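Here is a short tour for a reader meeting this structure for the first time. Keep the sequence and the 3D view open while reading.

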Amino acid sequence: MADAFLVRGGASLHGSLPVNGAKNSALKLIAAALLAEGRTTIANVPAIADIDAMLDVARHLGAEVGRDGDGTVTLDVPGEVGTATPPELVRRLRASIVVLGPLVARHGRARLAMPGGCNLGSRNIDLHLAGLSRMGAEVTYGPDYVEARADELVGAAIELPFASVGATENLLLAAVTARGRTRIINAAREPEIADLATMLCRMGARIEGVGSPELVVDGVDRLAPTHHAVVGDRIEAGTFAVAAALTGGDVTLTGVDPEHLRLALDKLAAAGVDVSGDAAAGLRLRAPGPLRGTDIATLPYPGFPTDLQPQLLVLLSQARGTSMLTENVFDGRFSIVAHLRAMGADIDLEGHHAIVRGPTALRGCEVIATDLRQGAALVLAGLVADGETVVADPHHVDRGYADFAGRLRALGADVERADAARARTPGGLPRAVLGP
Ligand code: UD1
């Protein structure tokens, strides 16, 4: 019997919710811990499937991993870590490519299976590899693996043609113990990269320009283990903010810095949402009246985050007027559109633009999660749809949202997992969920 989210629309979300630590930071902090022999502790680590996968990678490489119920992860890293990761682990998680830089830095070689993760169009790692080559690594690859070798990594000036998050992180992790100075020009500036740089500096790294488009790294001989708490997840916060806005709710989110969501919050305000509060008091979202359409274009930080694009598409389908949403970061990131159309949304696609006419009433039906953010956005669509929405393949959402259904329920939504519903009312599930 298939698992799914079961969403019954109509409830308005109210209350306060603590935001978890950022997935996209915690994953890289685990890779950073591998750079130093000894015990590193990382607090505020979210309980999500991608973290389970990354900790399995760390274990496979020789770290002893401990985890308590409060979200603190302990990594005991040996003097010698492994240099190869098996395909089944790397395919579970694209972000595991960030161990490439640290492993080459520590042991002069690394062999990784080609990474998996969300299927968002052409998702290359050429910038990671070109940067490592500039630092003296010899990179070879086949259809299903990539290997990098270097007797010693040497600092270099590396200009990224696109401010790639993953490439910036991989090169930063390689550069902190390389010989001499590395400059990463046109570096990505996401808050999660600043979080990684902060932890690396605590470990003894010398990094300047954090938060700017140029990172300057002076390599050090060795790094020491440390303690670090993960920054709040701006994308999880943004997802709940959209849920509040969509349902005409009043929600306060704590544990996130609203500055990390500035442009997204400006767009919500332009759509008619009352946005107030700050990091200390919490970020408050109230949607007192009808939503208005607005135009949005995704860009690297501080631009509008692509990871909130599907959620905003749902919101715009419920807003008055015609809106244009332009996706500039990933191709192939409009997989939600067919599902939203099936639910009743009026959306046309022209290349990397989505033209949304709203508001249109959404009706509950069976839809399928095909990636993390698209799946979460479909659950949000269900919150305002008439009747019941069944979102199949919820494991995509589990990759990045801890107990998504439970947390939405805590704010008053009617959302549950098919497993839970089955336990409660055996035989009472829709046929689509019961499967063949
Ligand atoms: C990270 C985030 C992801 C987010 C994305 C953009 C993690 C685990 N994931 O992904 O949630 O959506 O940033 O904010 O942190 N590119 C290349 N060559 C490369 C690298 C990237 O062409 O070597 C292209 C990609 O195909 C994509 C674009 O650059 O079109 C953005 O990729 P990148 O910024 O690297 O994103 P990720 O690190 O994969």
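## An aromatic cluster

Phe5 is buried, with a relative accessible area of 1%. This value, like the others here, comes from a predicted model. Three aromatic pairs turn up in a search of the whole structure. In one of them, the rings of Phe5 and Phe404 have centres 6.2 Å apart. Their planes stand at 85 degrees, so the pair is edge-to-face; the cut-off for that label is over 60 degrees.

The pair links distant parts of the chain. Phe5 belongs to strand β1 (residues 4-8), Phe404 to helix α14 (residues 404-410), and 399 residues separate them. Phe404 is buried too, with a relative accessible area of 3%. Phe5 and Phe404 form one aromatic cluster with Phe240 and Tyr401.

## Charges over rings

The charged end of Arg417 sits over the ring of Phe5, 4.7 Å from the ring centre. Elsewhere, Arg111 places its charged end over the ring of Tyr145, at 3.9 Å from the centre.

The domain assignment gives two domains for the protein: domain 1 (4-19 + 232-423) and domain 2 (23-229). Their C-alpha centres lie 30 Å apart. Domain 1 brings 20 residues to the contact, and domain 2 brings 19 residues. The size of an interface is often given as the accessible area lost when the parts come together. Here domain 1 and domain 2 bury about 1,700 Å² between them. Carbon and sulfur atoms carry 54% of that area.

Two salt bridges are found across the interface of domain 1 and domain 2. Arg399 also forms a salt bridge with Asp50, with the closest N and O atoms 2.8 Å apart.

Is helix α1 mostly covered or mostly open? Helix α1 (residues 23-33) is mostly covered, with 10 of its 11 residues buried. Among the buried residues are Leu27, Lys28, Leu29 and Ile30.

Lys28 is buried, with a relative accessible area of 6%. The side chain of Lys28 meets that of Glu169 in a salt bridge, 2.5 Å from N to O. The pair links distant parts of the chain: Lys28 is in helix α1 and Glu169 in helix α6 (residues 165-175), 141 residues apart. Glu169 counts as buried at 0% relative accessibility, so both partners fall under the 20% cut-off for burial.

## Other salt bridges

How many salt bridges does the structure hold? It holds 26 salt bridges. In one of them, Asp274 pairs with Arg286, the closest N and O atoms being 3.1 Å apart. Asp274 lies in strand β16 (residues 274-278) and Arg286 in strand β17 (residues 282-286), 12 residues apart. Asp274 is partly exposed at 31% relative accessibility. Arg286 is partly exposed as well, with a relative accessible area of 29%.

Asp307 and Arg333 form another salt bridge, with the closest N and O atoms 2.9 Å apart. Asp307 lies in the loop between β18 (296-297) and α10 (309-317), while Arg333 lies in the loop between β19 (321-326) and α11 (336-343). The pair therefore ties together parts that are 26 residues apart in sequence. Asp307 and Arg333 are both buried. A network of salt bridges links Arg8, Glu388, Asp414 and Glu416.

## Backbone details

Two cis peptide bonds deserve a look. One joins Tyr301 and Pro302, with omega about 10 degrees. Pro302 lies in the loop between β18 and α10. The other runs from Gly358 to Pro359, with omega near -5 degrees. Pro359 is in the loop between β21 (353-358) and β22 (366-368).

Asn186 is not a glycine, yet it has a positive phi of about 65 degrees. Asn186 is in the loop between β11 (181-185) and α7 (191-202), and it is partly exposed, with a relative accessible area of 29%. Asp403, also not a glycine, has a positive phi of about 45 degrees. The loop between α13 (395-398) and α14 holds Asp403. Asp403 is exposed, with a relative accessible area of 53%.

Key: Residues are numbered from 1 along each chain as its sequence is written. This is a predicted model: local features need pLDDT of at least 70, side-chain atom pairs count only at pLDDT 80 or more; totals for chains, interfaces and linings use all residues. Side-chain values use heavy atoms; hydrogens and water are left out. Rings of Phe, Tyr and Trp (its six-membered ring) pair if their centres lie within 6.5 Å; planes under 30 degrees apart count as stacked, over 60 as edge-to-face and the rest as tilted. Helices (H or I, at least four residues) and strands (E, at least two) are DSSP runs, numbered from the N terminus. Buried means under 20% relative accessible area, exposed over 50%, partly exposed in between (1.4 Å probe, protein chains only). A charge sits over a ring if NZ of Lys or CZ of Arg is within 6 Å of the ring centre and within 35 degrees of the ring normal. Domain bounds come from an automatic or database domain assignment. Contact means heavy atoms within 4.5 Å. Buried area is the accessible area (1.4 Å probe) that two parts lose on being put together, summed over both. A salt bridge is a side-chain nitrogen of Lys or Arg within 4 Å of a carboxyl oxygen of Asp or Glu.
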